[in-house]
Amino acid sequence: MDQQHILYEEDVVNGGNTALTLSTDGKLRWYDHGNVLRCLSLDGEVLGVSIAGQQIIIRSFVEIDGSCIGSCGESLVRKSFVFEASSEDSLHNLCHKIQGYIDSLGRPKKLFIFVNPFGGRKSASKVFTNDVKPILEDANIEYTLQETKYQLHAKEVSHNLDLTKYDGILCVSGDGILVEVVNGLLERDDWQAALKMAIGVIPAGTGNGMIKSLLDSVGQPCTAAYAMRAVIQGHKRSLDVATIWQGEARSFSVLMLAWGLIADIDIESEQYRWMGSARMDLYGLQRILRLRKYNGCISFVPAPGFEDVGEPTSVALEPLKSQHHGYQGPKLNLESLSWRRLNGPFIGIWLQNVSWASEKAMAAPNAKFDDGYLDLILMWNCPKLSLMSLMSEMSNGHYVRSPHVLYTKVKAVILEPGSRTGDSTKEGIIDSDGEVLARGKGTYKCGLNSLMRYDKLQMVVDQGLATFFTPI
């Protein structure tokens with residue numbers, strides 16, 4: 001079906017006359033000097049428009065040959081198209097129509113941007129300068145820039161930020177700054193309104209699990225260009241958020257919680273941080289060769305269709321204590337739910353909110369962004385050679401098919417971590433979203449304080465609590 005034109009102009013492109021049309025489907029069409037029909041989508045490709053003398057400049061993202069996507073990286077390039085209008089009136093009419101259509105798309109006009117100069121290989125500042133700033137300028141987006149100076153700085157700023165001045169928050173970092181922002185918004189008095197503020201992520205850290213999950217869900221590579229296009233377009237989606245609590249202490253998770261092998265690799269490999277993401281591979285091999293197993297148990301409320309996992313159990317729940325400010329936690333009568341239980345020893349336990357834990361690890365291939373459930377992965381007894389093979393299949397998620405892995409979905413969890421098998425003087429690490437939540441006896445840097453004790457903790461997921469910029 002032909003689209004109705006909302007603009008028809010006779011203009012000059014590369015020295016030749018052409019008819020330039022803008023149709024109601026947001027497509028800008030013209031013939032180039034080779035009489036080849038060209039087309040730009042204002043929603044998917046055009047970043048911004050401006051006037052320079054008698055010319056109108058349309059700045060865009062153009063997708064080049066995608067045959068190397070995933071192997072040689074970037075397939076979006078910035079490109080400008082220059083049109084010379086036949087008259088002053090034609091010039092302003094053309095710019096007005098194109099800009100009006102762009103404005104109707106609901107794109108962000110002003111962003112608050114966090115840059116973490118210390119994360120990953122300390123590349124975030126370079127990523128901002130080379131990949132983020134030019135696109136913001138092309139799209140005529142104003143921004144306020146904040147470099148984080150210490151741990152939890154982004155949380156403090158997000159907690160006090162005047163959100164009425166911005167259309168979104170952008171994190172040029174790994175997953176750590178993103179998690180701080182979500183926690184800061186949830187601790188505000190106006191948390192309900194604050195969580196409607198869309199958050200974007202530009203990959204500039206070690207893990208980048210969240211943006212990898214968002215981009216991979218639509219088959220796009222995890223690059224700064226594709227992540228920026230998702231922000232520029234302004235499309236949004238909701239994301240589940242999990243509340244973790246123990247006594248007075250509470251934390252909010254958007255990515256994952258791990259105990260055992262995965263937590264040990266993630267946290268203890270920090271001594272090799274200078275290696276970037278390769279540190280995970282190196283230390284993962286060391287950890288498998290000197291494999292640890294942990295006593296403990298996990299109780300959970302299964303998602304519909306997964307009720308046959310584990311054994312029925314009764315639980316003693318610790319109530320989530322009310323706070324003076326912020327989100328008070330899920331409104332769910334946990335004691336009325338049907339709980340199941342699994343006992344260790346375990347090689348590791350992983351609770352995932354999104355499919356990718358990092359750019360290289362598809363931890364939960366069946367995870368959904370807003371289904372209201374966490375994906376629970378448990379690793380049982382497994383020979384070392386089989387475990388090496390299993391870990392190598394994390395890049396495609398096939399490891400969950402192993403008989404040594406249990407993969408299910410849960411609404412709520414009670415984790416009771418124990419000591420290592422064979423050595424009751426040494427315990428483990430509980431990792432939430434890449435940061436230490438609790439350190440047990442004899443662990444890496446066990447002398448440092450952590451938010452929670454290495455003891456029983458509870459976790460419940462709330463459906464669609466946060467808002468994220470998304471590619472679609």
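Buried means under 20% relative accessible area, exposed over 50%, and partly exposed in between (1.4 Å probe, protein chains only). This is a predicted model: local features need pLDDT of at least 70, side-chain atom pairs count only at pLDDT 80 or more, and totals for chains, interfaces and linings use all residues. Residues are numbered from 1 along each chain as its sequence is written, and side-chain values use heavy atoms, leaving out hydrogens and water.

- β18 covers residues 348-352, and five of its five residues are buried.
- Helices (H or I, at least four residues) and strands (E, at least two) are DSSP runs, numbered from the N terminus.
- Strand β14 (residues 256-260) runs antiparallel to β18, joined by five bridges; two strands pair if DSSP finds at least two bridges between them.
- Met256 stands opposite Gln352 in β18.
- Strand β21 (residues 374-379) is also antiparallel to β18, again through five bridges.
- Ile349 has Leu378 in β21 as its bridge partner.

**Strand β12 and its partners**

- Eight of the eleven residues of β12 (residues 236-246) are buried, so the strand is largely enclosed by the rest of the structure.
- Nine bridges pair β12 with strand β25 (residues 457-469) in the antiparallel sense.
- Ala242 stands opposite Val461 in β25.
- Five bridges pair β12 with strand β13 (residues 249-253), also antiparallel.
- Gln246 has Ala249 in β13 as its bridge partner.
- The hairpin of β12 and β13 has two residues between the strands, and Gly247 takes a positive phi near 60° there.

**Helices α8 and α9**

- The axes of α8 (residues 261-268) and α9 (residues 278-289) come within 9 Å and cross at roughly 130°.
- Axes are lines fitted to C-alpha atoms, for helices over the stretch in contact, with angles from 0 to 180 degrees between N-to-C directions.
- α8 and α9 are therefore oblique to each other; under 35 degrees counts as roughly parallel, over 145 as roughly antiparallel, 65 to 115 as roughly perpendicular and the rest as oblique.
- Leu261, Asp264, Ile265, Asp266 and Glu268 in α8 meet Arg279, Met280, Tyr283, Gly284 and Arg287 in α9; contact means heavy atoms within 4.5 Å.

**Asp131**

- Asp131 lies in helix α2 (residues 124-138).
- At 30% relative accessibility, Asp131 counts as partly exposed.
- Asp131 touches Lys126, Ala224 and Met228, not counting residues up to four places away in sequence.
- Thr223 is 92 residues from Asp131 in sequence and 9.6 Å away in space, C-alpha to C-alpha.
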